[in-house]
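Trainee: I have this model open and would like to go through it with you. Could we take it step by step?

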Amino acid sequence: MSQAVSWQTQDGVMIVTIDNPPVNALGAEVRQGLWDAIGAAEDPGVKAVVIHAAGRTFPAGADIREFGKPPADPWLPDLCNRIEACDKLVVAALHGTALGGGFEVALACHTRIALASAKVGFPEVNLGILPGAGGTQRAPRLCGAQEALTLMIEGKPIDAPTAMAMGLIDGVVEEDLLEQAILLAGMLVEEGKPLRRSGECRDGFRDPIGYEAAIRAARAVKRDPNLPAPGRIIDCVEAALLLPFENGLGYERAAFEDLVASEASAGLRHAFLSERRAGHIPEAHATPREIAQAGVVGGGLMGAGIATALLGAGLHVTLVEADRERLAAGLGRIDDLHERAVKRGRLSADAREAEWDRLGGTTDLAGLGAADLVIEAVTEDEALKAGVFRDLDRVMKPGAVLATNTSYLDVDDLARVTDRPADVVGLHFFSPVQAMRLVEVVAAAKTAPEVVATGFALAKRLGKVAVRAGVCDGFIGNRMLTAYRMAADILLEEGAAPAEVDAAMRDFGFAMGPYQVADMAGLDISWARRKRLADSRDPAQRYVAIADRLCEAGRFGQKTGAGYYRYAEGSRTPEEDPAVADILQAERSARGIEPRRFGKVEIRQRCLFAMVNEGAKILAEGIALRPSDIDVVMLAGYGFPRWRGGPMKAADRLGILQVRNALRGWAADEPFWTPAPMLNDMIKNGRHFDDMNAEEAQKS
Ligand code: 3H9
């Protein structure tokens with residue numbers, strides 16, 4: 001008997017316990033344990049088997065870390081078949097999140113009973129794969145095509161009562177799951193009815209015309225061609241109706257193997273594991289501080305968004321603004337965000353009222369005296385922010401966390417103006433806060449470990465992904481963005497049109513290209529910042545002044561009807577603008593640049609490799625803990641295509657040598673492209689960024 005799976009028999013019922021924390025993933029040891037348990041159930045003294053799990057959940061799936069490695073026996077599909085073929089009744093007792101392979105094990109059992117709080121589902125599509133242990137064949141036999149397709153293509157778990165209504169599970173209990181499962185097993189054995197095997201079930205085929213209609217409707221939906229899994233899921237669900245069960249399983253197996261080997265799945269699996277890995281920080285041992293009351297200073301777009309997120313997580317929030325007028329405007333913005341959430345069905349009217357009751361507003365910072373945490377979100381101005389921190393130091397209670405939402409400023413400088421630098425941390429949210437999942441937790445030199453841990457705990461409570469960053473101009477995300485934009489701006493200056501750059505990056509997988517994003521966000525804020533920093537700019541570094549010229553012409557983006565593109569009155573559709581072509585041409589002439597054409601591939605490569613090069617510098621400086629944290633930042637904060645796994649993952653796939661050689665070639669004309677020393681070292685030592693991820697994981 002393995003540690004991961006144990007069993008004991010009571011009154012003829014064999015109780016099999018899976019115990020493989022944290023989520024009882026079906027790794028090789030668990031599969032072998034279950035295989036042996038079913039073998040042991042052949043004992044004539046065993047009348048029935050109950051499979052349940054210890055800890056927080058029934059298996060949440062196959063072990064994702066095993067994909068891409070040589071397969072270890074027994075395979076999950078074979079295990080499921082063995083469970084189903086067992087001639088003793090096998091009951092699955094589900095709690096927590098019975099997902100993916102975990103749910104497939106349950107579907108292979110003859111009866112399923114669940115706690116009402118349990119959730120079941122097939123999230124495989126989020127990893128670029130499909131249920132590969134019989135799920136695409138068993139589920140539609142039980143519930144038909146429509147519901148099986150929704151479960152597998154949307155990848156969202158459903159609760160146990162819903163699954164019961166769909167015919168996927170047989171009973172729901174409020175408590176005493178194991179006892180109830182044992183009782184049920186005894187009762188069913190007593191009844192002596194034949195075992196109900198999902199693979200033999202035809203309930204879901206009762207309406208074959210409706211079944212085919214559901215398949216056709218699913219096929220008619222337009223989907224991202226970079227993501228092959230939904231199409232293969234539809235094929236498999238159709239095969240369930242058309243092929244004998246065993247052949248359907250073979251069909252599913254082939255589709256699973258294709259998908260697991262695809263670039264999209266490698267990227268999506270990397271994204272999943274990287275988001276979890278980002279929580280492995282040196283401060284993980286520290287106990288986060290309790291946060292019940294929060295303050296937000298500044299009710300602009302960011303402040304209001306942050307306050308709304310905090311309210312949504314159940315906190316009491318006080319919004320502070322400089323005067324009554326601005327306070328009213330800030331509270332109005334929160335109200336608007338609530339209104340939008342209600343309209344979209346994301347917030348009930350009751351919840352909105354409860355959130356509003358937990359919100360207060362003041363023009364006096366002293367009103368934050370009781371707050372456990374304050375997030376400063378005033379205008380990005382050093383003197384203004386330092387003033388706020390001086391005042392916060394005076395009014396906040398001892399032990400309160402003082403956070404800044406600065407995008408670029410030095411958190412150490414802000415910490416220094418207080419007498420409590422250990423309580424000061426950066427919590428960098430992204431706009432729009434309700435849509436962007438990323439929070440950079442910026443650890444300054446003296447930030448206490450429990451304050452960093454509090455930032456991570458808060459982000460989790462807000463349903464966001466936290467990444468630890470060190471102090472530097474722009475932290476991780478804005479440094480990466482600056483490099484991306486610099487690459488794009490050089491392309492413009494040397495001959496490309498904004499629409500060409502945008503099209504190439506959309507082709508790469510971004511929803512929008514960099515100039516569409518710039519026009520949407522507005523060009524004026526970064527112009528003001530560039531003017532502020534003009535004196536400290538390194539004259540040796542290339543400076544592309546195209547954005548300045550656009551701003552000087554009053555082109556601030558969508559809000560002024562013109563930026564890198566022009567916009568018809570009231571429209572957000574970008575149109576190419578000859579006036580921009582003139583501005584570009586004037587800039588090129590002023591710098592003596594003979595414009596040339598760039599193909600899509602070169603545009604993509606230049607933009608991507610600029611990010612990779614900057615990422616290598618960020619790593620060498622210790623600003624990011626590991627390459628995968630940079631990937632998470634770009635995926636969760638900047639719309640980098642998730643299926644590519646992030647820029648560092650994309651570089652690993654292409655090969656560091658290719659990236660470095662291209663950079664070296666471009667650097668002959670422009671020092672911006674000079675390869676980071678880390679890339680050279682990696683090539684010399686035959687290393688990938690993923691090797692560093694693995695090493696970091698071992699340390700933490
Ligand atoms: C599958 O089943 C394929 C089959 O159809 C066919 C096979 C042939 N494997 O998310 P958390 C780790 S594909 C390995 O922070 P939560 C995770 O990395 C699978 N590890 O917790 C983290 O590790 P660490 C289909 C896994 O409470 C820790 O558990 N299933 C797996 O916020 C805690 O995770 C899925 O896609 C795994 N499958 O959420 C479900 N799952 O502590 C994926 C988690 O070292 N899992 N870990 O950082 C989830 O959605 C969430 O983890 C869950 C818990 C909802 C279960």
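Trainee: Is Trp673 buried or exposed here?
Mentor: Bear in mind that this is a predicted model. Trp673 has a relative accessibility of 1%, so it counts as buried, given that the cut-off for buried is under 20%.

Trainee: Which residues form an aromatic cluster?
Mentor: One aromatic cluster is formed by Tyr484, Phe508, Phe510 and Phe640.

Trainee: Switching topic, which residues come nearest to the ligand?
Mentor: There are 28 residues around the ligand, and those that come nearest are Arg56, Gly101, Glu104, Glu124 and His280. A polar side-chain atom of Glu104 is 2.7 Å from a ligand oxygen atom, and for His280 a side-chain N or O atom lies 2.8 Å from an oxygen atom of the ligand.

Trainee: How much of the ligand's accessible area does the protein cover?
Mentor: On its own the ligand has 1000 Å² of accessible area, and the protein covers 78% of that.

Trainee: What classes of residue make up the shell?
Mentor: The shell around the ligand has 15 nonpolar, six polar and seven charged residues, and helix 3 (101–108) and helix 11 (263–277) each supply at least two residues of that shell.

Key
Residues are numbered from 1 along each chain as its sequence is written. This is a predicted model: local features need pLDDT of at least 70, side-chain atom pairs count only at pLDDT 80 or more; totals for chains, interfaces and linings use all residues. Side-chain values use heavy atoms; hydrogens and water are left out. Buried means under 20% relative accessible area, exposed over 50%, partly exposed in between (1.4 Å probe, protein chains only). Rings of Phe, Tyr and Trp (its six-membered ring) pair if their centres lie within 6.5 Å; planes under 30 degrees apart count as stacked, over 60 as edge-to-face and the rest as tilted. A residue is near a molecule or strand if one of its heavy atoms lies within 4 Å of it. A polar contact is a pair of N or O atoms within 3.5 Å; within protein, one must be able to donate a hydrogen and the other to accept it, and residues adjacent in sequence count only if both atoms are side-chain atoms. Accessible areas come from the Shrake-Rupley method with a 1.4 Å probe; for residues, only the protein chains shown count as cover. Helices (H or I, at least four residues) and strands (E, at least two) are DSSP runs, numbered from the N terminus. Ala, Val, Leu, Ile, Met, Phe, Trp, Tyr, Cys and Pro count as nonpolar, Asp, Glu, Lys and Arg as charged, and the others, Gly among them, as polar.
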